[in-house]
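Dear colleague,

I am handing over the structure below, and after it I set out what was found. Please read the notes alongside the model.

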Amino acid sequence: MWRDRCWSSAWPLPALTAKENIELPLRLARTKARPGWVEELVNRTGIADHVHRRPHELSGGQQQRVAVCRALVANPEVVFADEPTGNLDTRSGRELLDLLRLLVDALGQTVIMVTHDPAAASRADRVLVLSDGRLVDVMESPTTEMVAAAVAHRS
């Protein structure tokens, strides 16, 4: 089934610890992660020291990293990220984009990101520009300036 091959990131559930949030998809699927995978995810995302905390004890950036780990724990073919930097400060947003880029480059993960931020979009290999529900432009190896110009032209 499609849902077995993809997972979208969402904010952590407040009643669960970071680790419980990360492992939630596995519990729901009644399966286990491959040995060492959860530890690798929390180490790569820099939240290993925070896995026993609840979301209200984490910064926005740390909460988003928990969501990324949860999205990846079941080894999906595709991760969907809807405005992943929207609720983050500039530094945390940049760190999250660095993390998504690392996932693609180092782990071969496919990430589909929806964003209105030209700087965030420019981190992608390919940008698809939509206007009124239609594909109006495709950019390979985009720059922030290219994305901003394409979006401004459509406004």
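α2 passes α3 in a right-handed crossing, where right-handed means that the near helix is turned clockwise from the far one by less than a right angle, and left-handed anticlockwise. The axes of α2 and α3 (residues 60-72) come within 10 Å and cross at roughly 145 degrees; axes are lines fitted to C-alpha atoms, for helices over the stretch in contact, and angles run from 0 to 180 degrees between N-to-C directions. Trp37, Leu41, Val42 and Thr45 of α2 make the contact with Arg65, Cys69 and Leu72 of α3, contact being heavy atoms within 4.5 Å. Helices (H or I, at least four residues) and strands (E, at least two) are DSSP runs numbered from the N terminus.

This is a predicted model, in which local features need pLDDT of at least 70 and side-chain atom pairs count only at pLDDT 80 or more, while totals for chains, interfaces and linings use all residues. Residues are numbered from 1 along each chain as its sequence is written, and side-chain values use heavy atoms, with hydrogens and water left out.

α2 (residues 37-45) also packs against α4, at an angle of about 130 degrees and with the axes 11 Å apart, and the two helices are therefore oblique to each other. Angles under 35 degrees count as roughly parallel, over 145 as roughly antiparallel, 65 to 115 as roughly perpendicular and the rest as oblique. The crossing of α2 and α4 is right-handed, and its contact joins Trp37, Glu40, Arg44 and Thr45 of α2 to Leu99, Leu102, Ala106 and Leu107 of α4.

For α3 and α4, the axes lie 10 Å apart at an angle of about 20 degrees, so these helices are roughly parallel to each other. Here Gly61, Gln64, Arg65, Val68 and Leu72 in α3 meet Ser92, Glu95, Leu96, Leu99 and Leu103 in α4.

Turning to the largest pocket, its volume is about 940 Å³. A pocket is, on a 1 Å grid over the protein atoms alone, an open set of points where a 1.4 Å probe fits, with protein on both sides within 12 Å along at least five of seven lines, and lining residues have an atom within 4 Å of a point; grid points are joined across faces, edges and corners, and a volume is the space filled by probe spheres set on the points. The lining of the largest pocket comprises 26 residues, with Met113, Val114, Arg126, Val127 and Leu128 nearest its centre, and β4 gives the most to that lining, 6 residues.

With best regards
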